[in-house]
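Work through the exercises below with the model open beside you. Try each task before reading its solution.

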Amino acid sequence: MPSTDSPALTRPLIVGVTGASGLIYAVHTLKHVLNAGGVVDLVASKASQMVWQAESGIHMPLDPDKQEQFWRDQAGVPTAGKLRCHPWGDVGATIASGSYRAAGMVVIPCSMSTVGRLAAGLSSDLLERAADVQLKEGRKLVVVPRETPFSLIHLRNLTTLAEAGARIVPAIPAWYHQPQSIDDLVDFVVARALDQLEIDCVPLNRWQGHLPHESR
């Protein structure tokens, strides 16, 4: 059973959402962290708005208050936890400063374009700045790339981020937990990403090892 009193939940979790395919991963992350009573600072990139429209025919509002309601509606969490949405261009937001105490940041899903800019140390918007802050402060940055296949450029950029201290958790599900639905496959990736931040709030049948052999 997941723990809902994870030490990491005592501080805000920064969630970055880029324009990569697979926004369902961000939705499930919010669902589980908010239902566990966590505080989330969310920043969605400009491109994520276009992806919502392309994948689901849904318009994501840009106004922070309306966006909060939008994400809560998508996650099915009307009131639990605390969610603060930041405009992607607001580089003066709290999460842009190293003095803002957070549990860390997960970029889920993460586009290869964002991976490249993070690896180069660029901060062209709030999402990239917040991620750069985690690295410079020695805090936890978890990147969940959603792309296949990886080019050599992708692999080198991911290696650069790993060498800088980021944790790379590709959106690759497993089957040992006996998934029964797409939601189960998504939750596996979300759980493994949050594991890197010591947040345990996703119901998951974790690997228990091989069953003991019957007596012969």
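The exercises cover salt bridges, a helix, nonpolar cores and aromatic pairs in a predicted model.

**Exercise 1. Which helices does the salt bridge between R117 and E128 link, and is each partner buried or partly exposed?**

Step 1. Check the distance. The closest N and O atoms of R117 and E128 are 2.4 Å apart. The cut-off for a salt bridge is 4 Å, so the pair qualifies.

Step 2. R117 sits in helix α4 (residues 112-119). E128 sits in helix α5 (residues 126-136). They are 11 residues apart, and the pair links distant parts of the chain.

Step 3. R117 has 28%, so R117 is partly exposed. E128 has 1%, so E128 is buried.

**Exercise 2. Find the salt bridge between R206 and D195, then the network that holds both residues.**

Step 1. The side chains of R206 and D195 meet at 2.9 Å, N to O.

Step 2. D195 belongs to helix α7, while R206 lies in the segment after α7 (182-195), so the bridge ties together parts 11 residues apart in sequence.

Step 3. Relative accessible area is 33% for R206, which makes R206 partly exposed. D195, at 21%, is also partly exposed.

Step 4. Follow the shared partners. Salt bridges join R192, D195, D200 and R206 into one network. The whole structure holds nine salt bridges.

**Exercise 3. Which residues touch the most other members of the largest nonpolar core?**

Step 1. This core has 45 residues. L42, W71, V106, V144 and L194 touch the most other members.

Step 2. Ask which element gives the most. It is α7, with seven residues.

Step 3. Take L42 as an example. Leaving out residues up to four places away in sequence, the contacts of L42 include V15, V17, L30, W71 and L83. Q67, R84, C85 and H86 are also among them.

Step 4. Another core, of 23 residues, lies apart from the largest one. Its members include Y100, M112, L126 and A166.

**Exercise 4. Classify the aromatic pairs W52 with F70 and Y176 with F188.**

Step 1. A search of the whole structure finds five aromatic pairs. Planes over 60 degrees apart count as edge-to-face.

Step 2. W52 is in helix α2 (residues 46-56) and F70 in helix α3 (residues 64-75), 18 residues apart. Both residues are buried.

Step 3. Y176 and F188 are edge-to-face as well, with 5.7 Å between centres and 85° between planes. Y176 lies in the loop between β6 (167-168) and α7, and F188 in helix α7, so the pair ties together parts 12 residues apart in sequence.

Step 4. Y176 is partly exposed at 41%, whereas F188 is buried at 6%.

Step 5. Finish with the cluster: W52, F70 and W71 form one.

Technical notes
Residues numbered from 1 in each chain as written. Predicted model: local features only at pLDDT ≥ 70, side-chain atom pairs only at ≥ 80, totals over all residues. Heavy atoms only, no water. Helix = DSSP H or I, 4+ residues; strand = E, 2+ residues; numbered from the N terminus. Buried < 20%, exposed > 50% of the residue type's maximum accessible area, 1.4 Å probe, protein only. Core = buried A, V, L, I, M, F, W, Y, C linked by side-chain atoms within 4.5 Å. Contact = heavy atoms within 4.5 Å. Phe/Tyr/Trp six-rings, centres within 6.5 Å; stacked < 30°, edge-to-face > 60°.
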